[in-house]
Amino acid sequence: MALEVGIVGLPNVGKSTIFNALTAAGALAANYPFATIEPNVGVVSVPDARMEILHKFQKTEKMIPAALRVVDIAGIVKGAATGEGLGNKFLSHIREVDAVLHVVRCFEDSDIQHVEQSVDPIRDIDTIDTELALADLETVSSVLDKQQRLAKSGNKEAIALAEILAPAQKHLNEAKALRSLDYGGEAANEEARKVFKTLGLITAKKILYVANVAENDLEGKSPLVDVVRKRAADEKSAVVPVCGKLEAELSELPEADRNEMLASLGLAEPALASLTRGAYKLLGLQSYFTMGPKEIRAWTVHVGAFAPQAAGVIHTDFEKGFIRAEIFTIADLEKFGSESAVKQAGKVRAEGKNYVMADGDVVHFLFNR
Ligand code: GDP
């Protein structure tokens with residue numbers, strides 16, 4: 001199943017505009033069997049120029065890029081954690097996503113009302129962060145309470161859990177996000193992250209800021225975006241500038257007109273393409289490819305995945321009966337001109353079950369049925 005990112009942000013910052021543009025563009029680029037699941041859930045393809053290179057050397061019936069699920073999570077306002085707005089309803093959605101896209105308003109437009117009457121990205125980020133931290137605090141406090149009681153009777157698991165949750169509670173009490181909490185070592189942090197994930201804690205999730213910029217600031221050079229960039233850097237996160245209004249217009253155009261409009265603006269691709277790739281990277285994902293006359297397809301694996309796991313993404317039988325993977329690189333395909341020429345040159349490698357997949361591998365799996 002595709003991984004899922006949730007779009008959050010204050011009302012009227014452009015979440016739905018960006019969500020709609022993303023899903024409309026995705027629907028154009030690929031016909032997924034599970035296109036729109038619910039009105040606020042969409043499937044977005046991850047644009048990858050390497051697929052076009054493969055297509056130069058392999059005629060095929062269809063091209064299927066990698067995909068992400070995107071959820072538009074409305075309803076976060078000041079006081080949401082205590083039931084304002086849609087209150088707890090949005091929280092259950094956001095607890096389930098793998099990563100968060102935080103849309104921040106960085107455009108001035110007197111026609112579009114801001115809930116706080118002025119444009120101030122950092123204040124907005126703080127408002128959302130505080131609500132999310134309060135929601136996590138509630139979860140952590142109730143679990144910690146129970147574990148501390150169990151810990152008194154010497155329950156080892158409860159003691160370990162309480163040792164992770166007590167600092168988390170303190171951190172959240174200061175309205176800080178759990179992703180910035182350091183347990184003093186990679187192993188300890190990894191252990192804590194597992195617990196946070198099981199509890200569905202929101203502020204532990206990875207985050208990518210989306211600066212909704214004005215039409216005259218497509219590259220995000222205004223001071224409004226600078227402050228978001230600084231904030232993101234402090235959190236070891238990143239910012240993608242996107243002009244929601246322009247992306248909405250682009251997504252409604254037929255491809256030829258869209259390309260013409262992009263060219264007239266001096267852009268190589270819609271900003272949504274880099275947004276989707278940014279989300280993919282944020283999730284620690286990479287692609288490998290399969291190619292043949294029926295389809296050229298990108299498959300998603302975690303960075304560090306072994307060959308059998310990668311095979312399992314196509315089908316669980318591929319993983320169970322894995323024999324070996326035959327792999328070549330796109331660079332060799334370009335160099336030798338065809339798959340058979342790559343083979344003749346001895347550049348198709350046979351890799352076993354301990355092979356760690358590299359980004360962009362072109363693969364055939366051999367397996368026992
Ligand atoms: P949401 O409440 O965060 O989902 O916000 P919407 O996507 O509904 O957008 C709120 C309003 O802002 C709508 O009237 C949009 O047309 C407008 N809007 C969204 N993005 C932009 C933008 O980049 N520039 C301008 N000027 N208006 C925008």
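## Ile 94 and the nonpolar cores

Ile 94 is in contact (heavy atoms within 4.5 Å) with Val 8, Ile 73, Val 100, Leu 132, Ile 202 and Lys 205, leaving out residues up to four places away in sequence. Ile 94 and Leu 275 touch the most other members of the largest nonpolar core, which has 69 residues. Apart from that core lies another, of 17 residues, including Ala 133, Ala 162, Leu 201 and Ala 204. A nonpolar core here is a set of buried Ala, Val, Leu, Ile, Met, Phe, Trp, Tyr and Cys residues joined through side-chain atoms within 4.5 Å. Buried means under 20% relative accessible area, exposed over 50%, and partly exposed in between (1.4 Å probe, protein chains only). In soluble globular proteins, nonpolar side chains tend to be buried together.

## Basis of the model

This is a predicted model: local features need pLDDT of at least 70, side-chain atom pairs count only at pLDDT 80 or more, and totals for chains, interfaces and linings use all residues. Residues are numbered from 1 along each chain as its sequence is written, and side-chain values use heavy atoms, without hydrogens or water.

## Around the ligand

Helices (H or I, at least four residues) and strands (E, at least two) are DSSP runs, numbered from the N terminus.

An N or O atom in the side chain of Thr 17 is 2.5 Å from a ligand oxygen. For Asp 109, a side-chain N or O atom is 2.9 Å from a ligand nitrogen. For Asn 212, a side-chain N or O atom is 2.9 Å from a ligand oxygen. The protein covers 76% of the 580 Å² of accessible area (Shrake-Rupley, 1.4 Å probe) that the ligand has on its own.

Leu 54 lies in helix H2 (residues 50-57). Leu 54 counts as buried because its relative accessible area is 0%. Beyond four places in sequence, Leu 54 touches Phe 289, Met 291, Ile 296, Ile 330, Leu 333 and Val 362.

Ile 159 is in helix H5 (residues 156-173). Its relative accessibility is 35%, so Ile 159 counts as partly exposed.

Note on methods
Polar contact = N/O pair within 3.5 Å; in protein donor to acceptor, adjacent residues only side chain to side chain.
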